[in-house]
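Let's take a walk through this protein together, starting with its overall contacts and ending at its ligands. Keep the 3D view open as you read.

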Amino acid sequence: MKTHQYLRATAALALSSLLLAGCEAPPPETVQLGYRGVGQEQVANPKTLAATVAENQVPAPQPAVPAGGPKAADVYENVQVLGDLSVGEFTRLMVAMTEWISPEEGCNYCHVDEGFQYDTKYTKRVARVMTVMTQAANVEWGAHVGGAGVTCYTCHRGKNIPANVWATDPGQPHAPGVMTAGQNIASVTAAYSSLPNDPLTPYLEGDEEEAKNLPWRVAGTTALPSGNRSSVKQTEWIYSLMMHFSDSLGVNCTHCHNTRAFYDWEQSSPARVTAWHGIRMVREMNNDYVNETADWLPDHRKGPMGDPLKVNCATCHQGAYKPLLGANMVQDYPNLSRYTVAVKAEPVEENAQEAAPMDDVENGDTLREQVEQVIEEEMTTSE
Ligand code: HEC
Ligand code: HEC
Ligand code: HEC
Ligand code: HEC
């Protein structure tokens, strides 16, 4: 090798290693998630991991209060969802909510000087809906959140509005007749990929029946073509949603899939099943709770199409495979993992079975339905 060639080669080598070092320092770590040789592993940069750990510390719980004492429903004037708590527990939760939602503004972010009982501020009414939404997540969606549970802090982290929310995205203006199919817009939601820019409106909001017709299963399941009619365009929608999943949880596709067969549940990790339940939980949160607040939210709390700011995977996860890295916060606030409407005890009648007519829906109501009734009544009364 001639000297100048040698020099050129070393210079090129030095330059390329410099460039590479710029990409990925310190060297990434990998954790094996599936069988050996199938490439199911999680690749992470230790630097980003350290930052994730720092961002996911849980605040110290509010000091416990002595058990017993009168119920909030018996002492206060207008408690519609937390009436079943003792006054001590109620106050403790109010203090916690203030720390989680409005640490700077204090109690008056939701309340007015005239009295705590008034529903003057929309924020108080949103907080009431959010309380039931949080309880419902813990009571009904154990298949997703069981283990760690959810509190207001999971999403809010000391902010009035959680850091990651979304509203229907109209895309960018374009010349009439140009079909962009929501592409080449580099939206945050699709993790800046050139995929449809808003997969959330169809997949994480639409009603359960309509959602069944969306392109979910797109891959062929046989080696040779045998009638799979999914188009490339349809496929791009689910890929866009998948970019959102990976990005929100800070994981690779292999956290949930074996990439040799994306469709195959047998070869997927248990996390994919958790995610499947998560899709349904999020859709319920948006349809049954967040969208119910739409009528009385101020305009600055709505998206460009006039819909409320909604929940997606990043709202809770915020870049971690489990929100707050799996820390269980709700164990210190057990009143957020049960429904707490004070239901007045009915006098027990003898032969109650016979006394109650079969078509009396009131008797068949689940606690959840009673809670929803209360909220609905609340939401139709004006200030
Ligand atoms: C994030 C909103 C929010 C914050 C902040 C907040 N509250 Fe509340 N507060 C509510 C909601 C919602 C209710 C109604 C609960 C229900 O309907 O069961 C309520 C009800 C009350 C009531 C019952 C009033 C009555 O007579 O009906 C009291 C007392 C109260 N809060 C005190 C406080 C105090 C003290 C603070 C500050 C330490 C505080 N709240 C901070 C949302 C909030
Ligand atoms: C799953 C995520 C999630 C959880 C859990 C959650 N919130 Fe929210 N919160 C949101 C989203 C999304 C919005 C914006 C939508 C809206 O205003 O209806 C919001 C808005 C609010 C607002 C309105 C603030 C403003 O400035 O407009 C209040 C108040 C609030 N939440 C209180 C609570 C309380 C209290 C809890 C716990 C009992 C709670 N939230 C739990 C996601 C969440
Ligand atoms: C957090 C778990 C999770 C992650 C991460 C994830 N997926 Fe998925 N993926 C799912 C779930 C759940 C479904 C099934 C949805 C359904 O059919 O109800 C799915 C479905 C798919 C499908 C359709 C399979 C079929 O039957 O046709 C493809 C393709 C896919 N994912 C690709 C990807 C790619 C590419 C990535 C990385 C960018 C990725 N996924 C990341 C959970 C995940
Ligand atoms: C209301 C908050 C919340 C939302 C919204 C949410 N998750 Fe989760 N998720 C959790 C909690 C809490 C856990 C941890 C449960 C545990 O400790 O077992 C979890 C766990 C998971 C896991 C299991 C991780 C593992 O490695 O075991 C996956 C996968 C997951 N979520 C995917 C999703 C996807 C995909 C979405 C959006 C469709 C989503 N989550 C939305 C709260 C949420």
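Start with how the chain meets itself: among contacts in the protein with a separation of 6 or more, 62% join residues 24 or more positions apart. Two residues count as in contact if their C-beta atoms, placed from the backbone, lie within 7 Å. What you are viewing is a predicted model, in which local features need pLDDT of at least 70, side-chain atom pairs count only at pLDDT 80 or more, and totals for chains, interfaces and linings use all residues. Residues are numbered from 1 along each chain as its sequence is written, while chains are lettered from A and ligands numbered from 1 in the order in which they are written.

The protein has 15 helices and 2 strands; these are DSSP runs numbered from the N terminus, with helices being H or I of at least four residues and strands being E of at least two. Of its 383 residues, 26% are buried, meaning that 20 or more other C-beta atoms, placed from the backbone, lie within 10 Å of the residue's own.

Now look inside. A nonpolar core is a set of buried Ala, Val, Leu, Ile, Met, Phe, Trp, Tyr and Cys residues joined through C-beta atoms within 7 Å. The largest one has 54 residues, of which Leu82, Leu93, Met133, Cys152 and Met285 touch the most other members. Helix H10 gives this core its largest share, 7 residues. Domain 1 and domain 2 each contribute at least three residues to this core, with domain bounds taken from an automatic or database domain assignment. Leaving aside residues up to four places away in sequence, Met133 touches Met285 and Tyr289.

Next, the ligands. Here a residue is near a molecule if its C-beta atom, placed from the backbone, lies within 6 Å of it. Around ligand 1 there are 24 residues, and Tyr76, Leu82, Cys107, Cys110 and Gln117 come nearest. Helix H4 (87-101) and helix H5 (122-140) each supply at least two residues of this shell, and H4 gives the most, with 5 residues.

Ligand 4 has 25 residues around it, and Gly147, Ala148, Gly278, Cys313 and Cys316 come nearest. Two or more residues come from each of helix H6 (142-145), helix H10 (232-249), helix H11 (270-289) and helix H12 (313-317). H11 gives the most to the shell around ligand 4, with 6 residues. Like the core, this shell draws on both domains: at least three residues come from each of domain 1 and domain 2.

Conventions. A residue is buried if 20 or more other C-beta atoms lie within 10 Å of its own, exposed if 12 or fewer, and partly exposed in between; C-beta atoms are placed from the backbone.
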